[in-house]
Amino acid sequence: MPSVRGEGHASRPFVISGRCYRPVVLLLFLTVIAPLILFRGRLHNFGSSFGKKDFIDDPSSSISFVSDSRKLNALHQEPGMFLKEPIGIIYEETDTPVSPTILNEELTGPVNNTTENKSFEHDSNEIETGDSYSINGEGETESLTSRKEVTSAYKEQSEPIENAIQNKRSFKQDSSEIHEQRETEKIPARKEHSKKLELPGVTRPKEISSGGGSQKLNASNKQKVISDALVRQMRDQLIRARAYLNFAPIRSNTHFVRELRQRKKEVQRSLGEATKDSDLPRSASERMKSMERTLARGMQLYNDCSAMVKKLRAMVHSAEEQLRVHKRQSTYLTQLAAKTLPKSLHCLPMRLATEYYALNSSEQDFPHKEKLGDKALYHYGVFSDNVLATAVVVNSTIFHAKEPEKHVFHLVTDKLNYAAMKMWFLANPPGKATIQVQTIDDFTWLNSSYSPVLRQLGSASIKDYYFRSHRMNADSNLKYRNPKYLSILNHLRFYLPEIFPELDKVLFLDDDIVVKRDLTELWNIDMQGRVNGAVETCGESFHRFDKYLNFSHELIAKNFDPNACGWAYGMNIFDLEEWRKQGITGIYHQWQNLNKDRQLWKLGTLPPGLITFYHLTFVLDKSWHVLGLGYNPNVDSTEIERAAVIHYNDNMKPWLDIAVPKYRHYWTKYVKYDDIFLQLCNISE
């Protein structure tokens with residue numbers, strides 16, 4: 001019985017299995033066989049789709065990312081917004097035509113899924129690397145894939161593979177026309193793409209890889225990087241930060257305000273004195289990002305555009321006011337530096353004067369006095385109280401003179417510097433040239449009863465103008481308050497016939513010039529009855545009469561042309577014989593008397609010179625006299641090299657610390673720094 005019971009027990013499962021056979025088979029079908037069939041169908045659809053090239057033939061013609069390439073291959077391709085219709089001609093930004101060989105390989109690639117997936121992913125990575133753009137050097141890339149020319153139609157997934165191959169052949173036939181069409185047609189997408197390339201801080205890679213091949217970009221296609229793009233962006237961030245901080249209530253200590261102030265300090269520390277991106281520290285980029293996130297929060301908190309505009313306008317107005325204040329301070333300090341001589345230049349005349357008065361009377365005179373009135377020689381007039389500057393004028397003239405023994409220099413200075421001027425040229429004689437040193441006191445005819453300018457310079461109004469300016473209306477232009485206008489040395493140029501009664505021609509030179517070639521040709525110029533030979537300085541709208549004279553005054557408007565061209569003092573050849581015939585000194589006195597209240601022109605010698613020699617000036621070639629080395633750092637070097645005389649007009653004199661550095665060597669070349677007096681006064685190059 002146990003055996004029977006065992007047999008019965010063994011046979012019971014068989015019976016139960018027979019009863020459950022159909023449900024089990026159905027369950028197996030649903031869980032195993034049906035998914036296999038469905039999955040096989042999906043694989044078939046995918047394989048046929050991939051084989052028929054339902055994906056865009058060139059991976060670079062669609063927007064692709066490395067992380068999404070496998071998803072694109074694993075999922076069924078669905079029509080997107082850019083694939084609704086067949087695309088005929090599509091452009092890329094590069095200038096190199098697409099190689100038909102590469103397209104042939106792309107169109108006739110293997111149908112095997114695994115191999116195709118790998119090659120597709122590899123090509124996507126290469127093209128992505130080639131067309132990506134590095135932003136701010138942070139390794140973050142944005143795939144800006146340019147679209148290529150493709151003439152193959154977008155087919156249905158059910159069409160055979162042969163149609164795709166046929167389309168590939170038609171593409172080969174049209175490939176020769178791609179480059180011409182790309183150059184002649186313009187589409188908005190290309191313009192938009194070009195704008196993106198111009199963003200600051202964006203750099204293009206050197207090579208583009210496609211289908212395993214690479215080619216170098218032309219130099220003309222490389223995007224030029226702006227060297228200070230990040231610096232500008234950081235400064236903009238600081239301006240925006242200040243604007244948002246102005247929105248915050250007074251004594252506000254919110255989390256946003258504290259954070260913004262902290263970010264502002266960080267950016268300021270990173271920016272420092274940097275003027276280009278290479279000067280920034282490595283942490284600058286991270287701090288910029290942090291600041292940008294904080295500013296984005298500020299944009300959400302303070303989104304009132306009208307209030308922001310008002311704040312920004314107030315900031316601009318405040319900045320303009322500060323700029324005006326700083327400009328005025330700068331002008332004042334520049335004028336102060338120009339009027340103040342260095343200590344060494346004060347030392348030099350004192351030591352020279354001490355040495356001069358130690359000489360015997362027989363040693364205090366210059367030789368060749370007989371040449372002083374010889375009309376056959378070349379005579380120069382230099383009026384200055386600066387010993388070193390006068391020495392440079394004489395040395396540079398003699399250095400370039402073809403016949404130094406025929407040159408005579410008439411130097412006029414004030415009583416304070418008379419001994420020093422004589423001692424310098426006694427100790428440093430200019431070769432075979434002749435020197436004469438005079439003082440203003442030697443001209444006994446020059447007094448207030450004869451010269452209107454002497455009366456005006458000694459008047460109470462002029463003294464009040466210079467020494468008690470708080471009682472007068474201050475001039476907007478501080479240069480007119482320079483004490484040099486108080487010196488009669490500056491006005492002696494209007495009395496040349498009286499100073500040199502025996503001469504017919506004289507070349508007037510300022511003490512802030514350097515001679516660069518022989519000047520004797522000036523005496524041979526036919527001035528056609530004119531008195532003054534000078535170089536014009538007018539341009540299209542500057543250095544004309546209306547810039548120097550007050551044409552709102554009836555006398556000026558009636559007698560002169562506001563557009564008449566101005567000329568320069570500094571190197572002028574004067575025909576003294578013609579001067580005496582036409583009574584030029586009397587004309588000067590007449591206009592000087594009319595300007596006693598300074599209503600016709602401000603102080604100075606150029607405005608009365610323009611009036612006195614109106615229609616009496618002979619225009620010299622510009623190469624005789626090049627100006628601007630005392631204020632303009634951009635004077636053409638070619639003009640300087642060709643010039644006969646270069647002029648350091650304005651405040652940046654070559655003997656001052658504020659001189660333009662690149663022009664100073666023209667002047668220092670003629671200074672004898674080995675002289676004992678210069679060494680005792682610590683005057684060095």
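Predicted model: local features only at pLDDT ≥ 70, side-chain atom pairs only at ≥ 80, totals over all residues.

Residues are numbered from 1 along each chain as its sequence is written, and side-chain values use heavy atoms, with hydrogens and water left out.

First, the whole chain. The secondary structure of the protein chain comes to 24 helices and 15 strands; these are DSSP runs numbered from the N terminus, with helices being H or I of at least four residues and strands E of at least two. Of the 685 residues in the protein chain, 43% are buried. Here buried means under 20% relative accessible area, exposed means over 50%, and partly exposed lies in between, with a 1.4 Å probe and protein chains only. Contact means heavy atoms within 4.5 Å. Among contacts in the protein chain between residues at least 6 apart in sequence, 76% join residues at least 24 apart.

Let me move to the interior. A nonpolar core is a set of buried Ala, Val, Leu, Ile, Met, Phe, Trp, Tyr and Cys residues joined through side-chain atoms within 4.5 Å. The largest such core has 66 residues, and those with the most contacts inside it are Leu411, Phe425, Leu507, Leu519, Leu629 and Trp667. Helix α13, residues 387-400, gives the most to this core, with eight residues. A second, separate core has 41 residues, including Ile440, Tyr495, Ala564 and Trp601.

What does Leu411 touch, not counting residues up to four places away in sequence? Its partners are Val382, Thr390, Val394, Met421, Phe425, Ile435, Gln436, Val437 and Gln438.

Trp667 brings us to helix α23, residues 661-668, where Tyr663, Tyr666, Trp667 and Thr668 are buried. The buried residues of α23 pack against α13, β10, α22 (637-642) and β15 (645-647).

Next, two helix pairs. Axes are lines fitted to C-alpha atoms, for helices over the stretch in contact, and angles run from 0 to 180 degrees between N-to-C directions. The axes of α9 (residues 255-271) and α10 (residues 284-301) come within 9 Å and cross at roughly 150°. That makes α9 roughly antiparallel to α10. For reference, angles under 35 degrees count as roughly parallel, over 145 as roughly antiparallel, 65 to 115 as roughly perpendicular and the rest as oblique. On the α9 side, the contact includes Phe256, Leu260 and Val267, and on the α10 side it includes Met291, Leu295 and Leu301.

How do α8 and α11 pack? Helix α8 (residues 229-247) meets helix α11 (residues 305-339) at an angle of about 115°, with their axes 10 Å apart. That makes α8 roughly perpendicular to α11. Ile239, Arg242, Ala243, Tyr244, Asn246 and Phe247 of α8 make the contact with Ala307, Met308, Lys311, Leu312 and Met315 of α11.

Finally, some single residues. Val531 lies in the loop between β10 (513-515) and β11 (532-534). Is Val531 buried or exposed? Val531 is buried, with a relative accessible area of 0%. Leaving aside neighbours within four places in sequence, Val531 is in contact with Ile573, Phe574, Asp575, Glu578, Trp579, Gln582, Ile584, Phe613 and Leu616. Val531 and Glu577 are 46 residues apart in sequence and 8.5 Å apart in space, C-alpha to C-alpha.

For backbone geometry, His368 has a positive phi of about 60° although it is not a glycine. His368 lies in the loop between α12 and β6 (378-383), and is partly exposed at 34% relative accessible area. Asn682, also not a glycine, has a positive phi of about 60°. Asn682 is found in the segment after α24 and counts as exposed, at 67% relative accessibility.
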